[in-house]
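Have your viewer open and your selection tool ready. We will go from stop to stop, picking a few residues at a time and looking at what is there.

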Amino acid sequence: MKKMISLALALAMGLSLAACGSKDAKNTETTSDLAYVQDKGTLVVGITEFEPMDYRDTEGNWVGFDADMASLFAESLGVDVEFQLIDWDSKVMELDGKTIDVVWNGMTLTEDVKAAMECSNPYFNNAQVVIVKADQAEKYQTTDSLKDLQFSVENGSAGMEQAEAYSLNYTPAKNQATALLEVASGTADAAIIDYLMAVASTGEGSSYANLTYTVSLADEQYGVGFRKGSDLAAKLNEFFAEKYADGTMKQVADKYGIAEKLVEQ
């Protein structure tokens, strides 16, 4: 009899633990991304070095339109912001593995991006443009003139997509900054980068005064990417709408000279 009672108690305890485990698993699955970020106290932002969106100032702090807005968004959530350099081609893996919470780095809203991430509303208009040395720019004003050039493009980027779409010869680079450097140093004839980066980084008074941009290959828009199904995307859309209405987004865009491309929220 005692054995039967013991077995019954053990079975009851096992069922209870299983039920608790099931409940805990369910809670884990249904916990929102917003709650997850607020519980750990940090918003980890995946970026690359990309002026004027994310880059380091002279003191080593991350600045730029995206960096500034990400800091303000984290503050609105009551958490700290942390910027983490990522391999752009692995951005979805980084998100899904929770090594970062958001990709916020002048990201083009391609169909692949929208299929893999929960994306914000567009917030900037952009284009993919060809970068060449300024003293050769007159020779490269059409897509046909680009066929014999060797390009450097960021691996996994919208620039790479355009290089493939136009059947251009290219070598993948770590990021857009590296692609620019390769053109400046002569290891590549040209690069394809974001228009907003071209405006900030080439021409007189810039880091690459000897470079300029010519052909525009594609018009596009920027968005911010979260894990698929994340409730942080809707939260960011609310934040964007509020900060557009009170003038904050334009003020930050003016700071970096790119306000004319800002999308109304």
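The tour below starts with aromatic rings and then moves on to some backbone details. Keep in mind throughout that this is a predicted model.

**Stop 1: the aromatic rings**

Start by selecting Phe50, Phe65, Phe73, Trp104, Tyr123, Phe124, Tyr222, Phe239 and Phe240, and show their side chains: together they form one aromatic cluster. Across the whole structure, a search turns up 12 aromatic pairs. How are the rings of phenylalanine 50 and tyrosine 222 arranged? This aromatic pair is edge-to-face, with 85 degrees between the planes and 6.4 Å from centre to centre.

Now colour the chain by secondary structure. Phenylalanine 50 sits in the loop between β1 (42-47) and β2 (55-56), while tyrosine 222 belongs to strand β11 (residues 211-226), so the pair ties together parts that lie 172 residues apart in sequence. Are these two residues buried or exposed? Phenylalanine 50 is buried, at a relative accessible area of 1%, and tyrosine 222 is buried too, at 0%.

Tyrosine 123 and tyrosine 222 are both buried.

**Stop 2: a cis peptide bond**

Go back to the loop between β1 and β2, where you will find proline 52. Show the backbone of glutamate 51 and proline 52: the peptide bond joining them is cis, with omega at about 15 degrees.

**Stop 3: lysine 98**

Next, select lysine 98, in the loop between α4 (91-96) and β5 (102-108). What lies under this lysine? Lysine 98 is partly exposed, with a relative accessible area of 40%. Check its backbone as well: phi is positive, about 60 degrees, although lysine 98 is not a glycine.

**Stop 4: serine 167**

Finally, pick serine 167, in the loop between α6 (158-165) and β9 (169-173). Serine 167 has a positive phi near 55 degrees, and it is a residue other than glycine. Serine 167 is exposed, with a relative accessible area of 58%.

How values were computed. Residues are numbered from 1 along each chain as its sequence is written. This is a predicted model: local features need pLDDT of at least 70, side-chain atom pairs count only at pLDDT 80 or more; totals for chains, interfaces and linings use all residues. Side-chain values use heavy atoms; hydrogens and water are left out. Rings of Phe, Tyr and Trp (its six-membered ring) pair if their centres lie within 6.5 Å; planes under 30 degrees apart count as stacked, over 60 as edge-to-face and the rest as tilted. Helices (H or I, at least four residues) and strands (E, at least two) are DSSP runs, numbered from the N terminus. Buried means under 20% relative accessible area, exposed over 50%, partly exposed in between (1.4 Å probe, protein chains only).
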